[in-house]
Amino acid sequence: GQQVMQIPQYQHVQEGEDFTTYCNSSTTLSNIQWYKQRPGGHPVFLIQLVKSGEVKKQKRLTFQFGEAKKNSSLHITATQTTDVGTYFCAPRGSQGNLIFGKGTKLSVKP
Amino acid sequence: NAGVTQTPKFRVLKTGQSMTLLCAQDMNHEYMYWYRQDPGMGLRLIHYSVGEGTTAKGEVPDGYNVSRLKKQNFLLGLESAAPSQTSVYFCASSYSRGAYEQYFGPGTRLTVT
């Protein structure tokens with residue numbers, strides 16, 4: 001079935017450093033959503049990207065959708081300890097449901 | 001609004017036992033989903049429902065059954081639990097599929113010994 005590759009699987013940063021996670025697909029995506037899951041918590045919706053080349057910002061978070069709509073990225077500027085968690089990309093699959101990537105686990109050292 | 005709730009929060013089963021996980025949402029969403037989350041595997045869709053009285057198979061449906069008798073409730077059943085079903089189970093709901101955000105419940109941690 002349709003799959004997405006999310007890299008890296010883990011990222012350890014010092015507080016204040018930047019962080020980026022990438023989501024790649026071999027097929028063109030109609031849209032893509034991003035979710036954050038805090039340790040011990042449940043996934044929480046962050047944003048949805050729909051248009052080719054789209055860039056959206058939420059404070060220190062910047063989300064991009066590739067021009068070919070086959071990849072997406074989430075960039076966090078100046079990480080804080082509150083950013084700790086696992087970030088999932090979730091494009092819409094061919095049958096209409098979300099296909100979750102395996103996630104990137106971010107840890108932040110104060 | 002409570003959003004999406006799940007019961008129970010934790011459960012330990014012995015191999016071969018059965019149980020039902022209950023999911024309830026108060027947002028009047030048409031779509032509901034059951035996922036399982038295993039370490040390093042992300043979220044995998046077990047079954048989903050596009051409305052009251054309907055269910056459909058997801059990516060990993062074997063060993064599970066579901067029912068959606070009421071719009072606000074989505075039940076996940078394990079008829080004969082196996083150790084491979086040890087996982088964290090999340091229920092989610094959405095206004096529609098794919099193009100709308102999903103709201104997740106707090107999860108049920110199930111251990112099968």
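1. B:Tyr103 sits in strand E10 of chain B. This is a predicted model, and every value below is computed from it. With a relative accessible area of 35%, B:Tyr103 is partly exposed. Its side chain makes a polar contact of 3.3 Å with the side chain of B:Glu101.

2. What does B:Tyr103 touch, leaving out residues up to four places away in sequence? The contacts are B:Val4, B:Met27, B:His29, B:Cys91, B:Ala92 and B:Ser93. As for B:Gly40, 63 residues separate B:Tyr103 from that glycine in sequence. In space the two are 22 Å apart, C-alpha to C-alpha.

3. Strand E10 of chain B also holds B:Phe104. Is B:Phe104 buried or exposed? Its relative accessible area is 6%, so B:Phe104 falls under the 20% limit and counts as buried. Across in chain A, A:Phe100 is likewise counted as buried, at 8% relative accessibility.

4. The model has 12 aromatic pairs over all chains. One to check is A:Phe100 with B:Phe104: the ring centres are 6.1 Å apart and the planes stand at 80°, so the pair is edge-to-face. The cut-offs behind this call are centres within 6.5 Å and planes over 60 degrees apart. A:Phe100 lies in the chain A loop between strand E9 (85-91) and strand E10 (104-109), while B:Phe104 belongs to chain B, so this pair joins two chains.

5. Both rings belong to a cluster linked by ring pairs. From chain A come A:Tyr35, A:Phe45, A:Phe88 and A:Phe100. From chain B come B:Tyr33, B:Tyr35, B:Phe90 and B:Phe104.

6. Now the interface as a whole. Chain A brings 19 residues to the contact, and chain B brings 19 residues. About 1,600 Å² is buried between chain A and chain B. Carbon and sulfur atoms give 52% of that area.

7. How many salt bridges cross the interface of chain A and chain B? The count is zero. Polar contacts are there: three residue pairs between chain A and chain B, with both residues at pLDDT 80 or more. On the side of chain A that touches chain B, strand E4 (32-37) and strand E5 (43-49) each supply at least two residues. The residues of that side divide into six nonpolar, 11 polar and two charged.

8. Back to chain B. B:Lys71 is placed in the loop between strand E7 (65-67) and strand E8 (73-78). It has a relative accessible area of 19%, so with the limit for buried set at under 20%, B:Lys71 counts as buried.

9. Which residue does the side chain of B:Lys71 meet in a polar contact of 2.9 Å? The partner is the side chain of B:Glu30. B:Glu30 is also among the residues that B:Lys71 touches, neighbours up to four places away in sequence not counted.

10. Last, a residue in chain A. A:Thr28 is in the loop between strand E3 (19-25) and E4. A:Thr28 is exposed, with a relative accessible area of 53%. Setting aside neighbours within four places in sequence, A:Thr28 is in contact with A:Ala68, A:Lys69 and A:Lys70. A:Gln14 is 14 residues from A:Thr28 in sequence and 35 Å from A:Thr28 in space, C-alpha to C-alpha.

Terms used. Residues are numbered from 1 along each chain as its sequence is written. Chains are lettered from A and ligands numbered from 1 in the order in which they are written. This is a predicted model: local features need pLDDT of at least 70, side-chain atom pairs count only at pLDDT 80 or more; totals for chains, interfaces and linings use all residues. Side-chain values use heavy atoms; hydrogens and water are left out. Rings of Phe, Tyr and Trp (its six-membered ring) pair if their centres lie within 6.5 Å; planes under 30 degrees apart count as stacked, over 60 as edge-to-face and the rest as tilted. Helices (H or I, at least four residues) and strands (E, at least two) are DSSP runs, numbered from the N terminus. Buried means under 20% relative accessible area, exposed over 50%, partly exposed in between (1.4 Å probe, protein chains only). Contact means heavy atoms within 4.5 Å. Buried area is the accessible area (1.4 Å probe) that two parts lose on being put together, summed over both. A salt bridge is a side-chain nitrogen of Lys or Arg within 4 Å of a carboxyl oxygen of Asp or Glu. A polar contact is a pair of N or O atoms within 3.5 Å; within protein, one must be able to donate a hydrogen and the other to accept it, and residues adjacent in sequence count only if both atoms are side-chain atoms. Ala, Val, Leu, Ile, Met, Phe, Trp, Tyr, Cys and Pro count as nonpolar, Asp, Glu, Lys and Arg as charged, and the others, Gly among them, as polar.
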